[in-house]
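This report describes one residue and its surroundings, and then turns to the chain as a whole. Please consult the sequence and the structure shown below while reading.

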Amino acid sequence: MSKTKESIGNYDVINKDFVTRREVLMLGAAAVVGSTLKENTMASPNVATTLTNLQGKVNSYIAKDFKYLLDEKMAGLSNSQIEQHLKLYHAYIAKANDLQSKLKTVSLDGVNPTYAPMRELLLESSYAVNGAIYHELYFNNLTSKESKPNHELTSALEERFGSTDKFIDYLKASGKCMRGWVIVGFNMRASHLDVFGLDTHNMWSPANFVPILALDVYEHAYMIDYGIDRAKYLDAFVKNLNWDIVGKRLNLALKNPTGLESTM
Ligand SMILES: [Fe+2]
């Protein structure tokens, strides 16, 4: 595939010159097989308005393997509960890939903020992707093994909440407030630990916030084991919380801050 490079401001931009046969077929422009994109654009405005700039692999989300949790037999979180939850996680992975695929060829014609297929795909893509990522954070911060906060995490919890025990009380109370998630993370803008509540996967976690602990409070996370008794589930979650992982995530966040410079 031939490519050209041009400069926009200080940035070099690689442009794809040729469309593939598959792309042409998908666009319903069979007559222009072998033509360049530039030529296609001149010959058919539809090509320019339906071919998006998304590049890369379509199936870029590959499910992580959390079956080891079933072997751990966590106290208070049954294998039946975890198995059903993992099925849901796999569905989010599949849907995230599906929506990314659809966005590659979505129509750019007539888009607007009231309704457009592109708008719906953009919105629901963030829902599916966060549904996958938050579940990975969640399953990965569970274990039946004994663990405790490391020095850095203990210090950060004490600084922000007074003590680890007070943080746990705060976490459980937050879990009772929300309908989807409680996410604990390092706030790069304010330079301290923070807790944010989410009623769905794709809302209310601010930018520059690096998650280090994910608590799923959707009913699907505990209904099999506890019915509607969320308090008992929250006790079980804390009992199986992998403090080692949470501490490592904090260390990584502090070492490799992903937030933008707050003054920018
Ligand atoms: Fe979940």
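Leaving aside residues up to four places away in sequence, Lys176 touches Arg230, Ala231 and Leu234. These contacts belong to a predicted model. Lys176 is found in helix H8, which covers residues 164-177. A further relation across the sequence is that between Lys176 and Val217: the two are 41 residues apart along the chain, and their C-alpha atoms lie 7.9 Å apart in space.

Is Lys176 buried or exposed? Its relative accessible area is 54%, and because exposed residues are those over 50%, Lys176 counts as exposed.

The protein as a whole has 11 helices and five strands. Its overall values are set out in the table.

| Property of the protein | Value |
|---|---|
| Residues that count as buried | 39% of the 264 residues |
| Contacts with a separation of 6 or more that join residues 24 or more positions apart | 64% of these contacts |
| Residues with a pLDDT of at least 70 | 75% of the residues |

The protein averages a pLDDT of 82. Over residues 1-48, however, pLDDT stays under 50. For this segment, residues 1-48, the model has 57 contacts beyond four places in sequence.

Conventions:
Residues numbered from 1 in each chain as written. Predicted model: local features only at pLDDT ≥ 70, side-chain atom pairs only at ≥ 80, totals over all residues. Heavy atoms only, no water. Helix = DSSP H or I, 4+ residues; strand = E, 2+ residues; numbered from the N terminus. Buried < 20%, exposed > 50% of the residue type's maximum accessible area, 1.4 Å probe, protein only. Contact = heavy atoms within 4.5 Å. pLDDT = per-residue confidence, 0-100.
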